[in-house]
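Please read them with the structure open.

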Amino acid sequence: MKKSDVVVIGGGLSGLFAAAVAAQNGKKVTVLSYGAGSLTIGGGIVDIMGYADGNVPFATPIEGVKNAPEGHPYTFIGEDTVKEAVEAFKKMASAEGYAYQGSLDEMQWIPTAVGTLKPTALVPRTMDVAKMEAAKKLVVVDLAGLKDFSAPMAAKNLGLLFPNKTIETVKVPELEKSGRDMTAFDTARLLDRADIRTMFAAALKSKAGKDVCFIVPPILGTHASYVAFDDITKQVGAPLVECAAVAPSVTGIRLRELMLSILRKQGVVFIEKANVCGNIVENGKVVAVTTKDFGRQRTYRADEFVLASGGFYGAGITADQENVKEVVFDLPIVAPARVEDWTNAKMFSDAKQPFAMIGIAVNEQLQPVDAEGAVIYPNVRVVGRNLAGYDFCFEKSGNGVALTSAYKAASLIVKGGKA
Amino acid sequence: MSKHVVNPDLCTACTVCVAHCPVAEVVREYRGPKLSGPASERLRLLSPQDDASLDFCSNCKNCDISCPSGVPISTLNMKARAKMWEGKPEPQGRKMMAHGEQMGKLLARFPGAASIVNLGMGLGKSLGMMDMVGISSKAPLPSYASTTFYKQFKSFKQKSFDKKVVFYPGCTINFNQPEIGMDVVKVLQANGYEVLVDEEFVCCGSPLVVGGYLGEANENARKNTSLMNKWRAKGYPVITACTSCGLMLKQEYQELFHHEGMDKNAENIYDIMEFLSMLDDEDKLNTNFGQVNDTMLYHAPCHLRAQGMGLPALDVLSLIPGYRIENAAAGCCGMSGSYGMQANKREISLKVGEKLFNRIRQAGVKSVVSDCGTCRLQIGDGAKVQAIHPVQIVARAYAAK
């Protein structure tokens, strides 16, 4: 492989977005990805910052960014970069025909599969909660054969949250019989088909009317387009709002398709099954990373590197009983000294999980630093879940940190140094 | 000796593989790779389990490609399936397709036999005889060449060079498409390499593995590994031009078998397009190409994507003046070796390939480039276009000078 301007390690949202921003600005980019990335399971909405310590919700996403605790990635990404990143992402998605809505100034409280609400910032049009809030009657769609979604439970819990709204369910017969248990993703695949959409819409129609909003699992098509959604909405004659649900994440798969399509158009080289596990350093700078799997070692040279390999789930950071390790550059990891202190034993308490905040310490240029704050490799930028100091699950900040840190890293690279 | 231990507990049950399985996409009867692979494997380790769903797995490797945890899901499926089929009646079609090499070798011995068999397969299809043994009469079957690659190679006058490589043609190139093998030789010659062949090599074993003949596949692995050891000791790289052979020799051997030297050999085996791309990286590729005024679409075989080397054909072909090629990026073609040739899988196979066929039709190209023989068969049949190996374009570019 010929030398690239930028090599991005990791195929999750932070890696793909960093690659897109760098390529959009004329850089020759190669993405090294192992596995299909966390987008398939992680959800396709962009949380920015939902909850403060103690589980207190922020009024708006930008309030969350402004009040991020010490050491949190937002404190060195900076408010202005967060704003720019959000705009850049929205512009990119919109140009591809799969626009995201929402802003930093308004929290979107989207429904979940169990009928609770979760705070987020940017959502696809299929999750327009304003429609749900405006409606006087919510009708939860109860699809026969669909596992991982209980319409009666969702309806019951939504009733507790919205005592002034009428809550009902509507049964939809099985869209296609036979075979394995039906997931939301299977259903979404069926609804990619026009004939099935007509059948589905017909089942909802009896409950449609003025001031009605349908709450559905994420099933309105698998593609990064609104063709299925718009068609169904038109046929039903009332708004539908998708809720957040379990993996495989339909909205995440759409977002991945969106990002991959952008990268293809920009000529980004995307290498699958690239198990990056080593690096070559010359004169204090990284000149290449290396991959190794079943065959020989392969070398990928570049001027700049973006580390977006993920945390424990993405296997960018691994741990055993004694050691915690970043696998590509062997960067120092910020973690509580005693393994016993990694876990908050009260799993659903008001406090964050220390293990979730384990990651790499960086400076304001997102360059990795050692305990004394000295830069380790000036041409490596660390983004997304590789960063220390935030519990995305607790805060509801995952894709937000991913997008904004990726944007910052790519912008720094494009500008050739300090922002 | 292999560090690639097949451990189902590496699976975190994240479902990425389910979302990326092309068979699960079109067949609801298939429980999907997560359940049939690592999830059931945990149960199978306790006691034997029959899982009818395993029959649907095409071994295309998209589960492995999408898995973030390095679980060899498809290989778990192949092992479990072989075990499930053990001692049960062998369908004739399955047996035939797993042993294509035997047929090829038999035909090569008798002049004119290939054309008679090609005719016979055609007749067999039209009379429905193929369907009776489980081979689809609607599927495109590879036809046999009148002169094998090894025979053609012998009568080809090579220039002698110090730099030598060993070419492993595999069954498809040797028996069905020897012209591709000859282009491999010509292209390597144009780059200052002398090509050796080793007729002791046997089928890589890939069709045997999907047919459930793991014991025979292991024998082939033993034989090929010992020959590869010999060539590695001499310092000669081994070149393949079939991505399924390459995957088998480099990766699946290590997942399935235990023979001394397999892992080291994996480092010494190069796909032809990868080899050319690496020469280009070092500015050693002969880029004295003539114009090839054509626009084509590229289909990346799943068995290439599984190898973590990117798409070297695109890197090399983009250097040819006048030539334009774009990645179809439309997923699996559906053929997956002999999967799409089976009578009860043909429909599934075509459904899987639909996205690719549509993409080809929309692009309006007359030719599609792909590194895999059975992908090319499927593309030719499904999209009604000419399908060629990338090295054939490189050979054409040299010839155009």
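The points below go from chains to domains to helix pairs.

1. Basis. This is a predicted model, in which local features need pLDDT of at least 70, side-chain atom pairs count only at pLDDT 80 or more, and totals for chains, interfaces and linings use all residues. Residues are numbered from 1 along each chain as its sequence is written, while chains are lettered from A and ligands numbered from 1 in the order in which they are written.

2. Chain A overall. Chain A has 13 helices and 21 strands. Helices (H or I, at least four residues) and strands (E, at least two) are DSSP runs, numbered from the N terminus. The radius of gyration of chain A is 22 Å, close to the 22 Å that the globule rule gives for 419 residues, so chain A is as compact as a globular protein of that length. That radius is taken over C-alpha atoms, and the rule is 2.2 Å times the number of residues to the power 0.38. The C-alpha trace of chain A spans about 70 × 45 × 40 Å along its principal axes.

3. Chain B overall. Chain B comes to 22 helices and eight strands. Along the principal axes, the C-alpha trace of chain B spans about 60 × 50 × 45 Å.

4. The A–B interface. Here 31 residues of chain A are in contact with 29 residues of chain B. Contact means that C-beta atoms, placed from the backbone, lie within 7 Å. On the chain A side, two or more residues each come from helix 2 (39-42), helix 8 (184-190), helix 11 (250-265) and strand 13 (269-271). That side divides into 13 nonpolar, eight polar and ten charged residues. Ala, Val, Leu, Ile, Met, Phe, Trp, Tyr, Cys and Pro count as nonpolar, Asp, Glu, Lys and Arg as charged, and the others, Gly among them, as polar.

5. Domains of chain A. Chain A is divided into domain 1 (4-98 + 254-415) and domain 2 (136-238). Domain bounds come from an automatic or database domain assignment. The C-alpha centres of the two domains of chain A lie 34 Å apart. Their contact takes eight residues from domain 1 and five residues from domain 2. The domain 1 side has three nonpolar, two polar and three charged residues.

6. Domains of chain B. The division is into domain 1 (8-85), domain 2 (92-133), domain 3 (149-278) and domain 4 (287-399). For domain 1 and domain 3 of chain B, the C-alpha centres lie 29 Å apart. Seven residues of domain 1 of chain B are in contact with seven residues of domain 3 of chain B. On the domain 1 side, four are nonpolar, two polar and one charged.

7. Helices 1 and 11 of chain A. Helix 1 (residues 13-24) and helix 11 of chain A pack at an angle of about 30°, with their axes 10 Å apart. Axes are lines fitted to C-alpha atoms, for helices over the stretch in contact, and angles run from 0 to 180 degrees between N-to-C directions. Helix 1 of chain A is thus roughly parallel to helix 11 of chain A. Angles under 35 degrees count as roughly parallel, over 145 as roughly antiparallel, 65 to 115 as roughly perpendicular and the rest as oblique. A:Leu16, A:Phe17, A:Ala19, A:Ala20 and A:Ala23 of helix 1 meet A:Met259, A:Ile262 and A:Leu263 of helix 11. By class, this contact has eight nonpolar, no polar and no charged residues.

8. Helices 12 and 22 of chain B. Helix 12 (residues 178-190) and helix 22 (residues 390-399) of chain B pack at about 50°, with axes 9 Å apart. That makes the two helices of chain B oblique. Their contact has eight nonpolar, one polar and two charged residues.

9. Two backbone spots to check. The peptide bond from A:Ala247 to A:Pro248 is cis, with omega near -5°. A:Pro248 lies in the loop between strand 12 (240-242) and helix 11 of chain A. Phi of A:Asp148, a residue other than glycine, is positive, near 65°. A:Asp148 sits in the loop between strand 9 (137-143) and helix 7 (151-161) of chain A.

Technical notes:
Contact = placed C-beta atoms within 7 Å.
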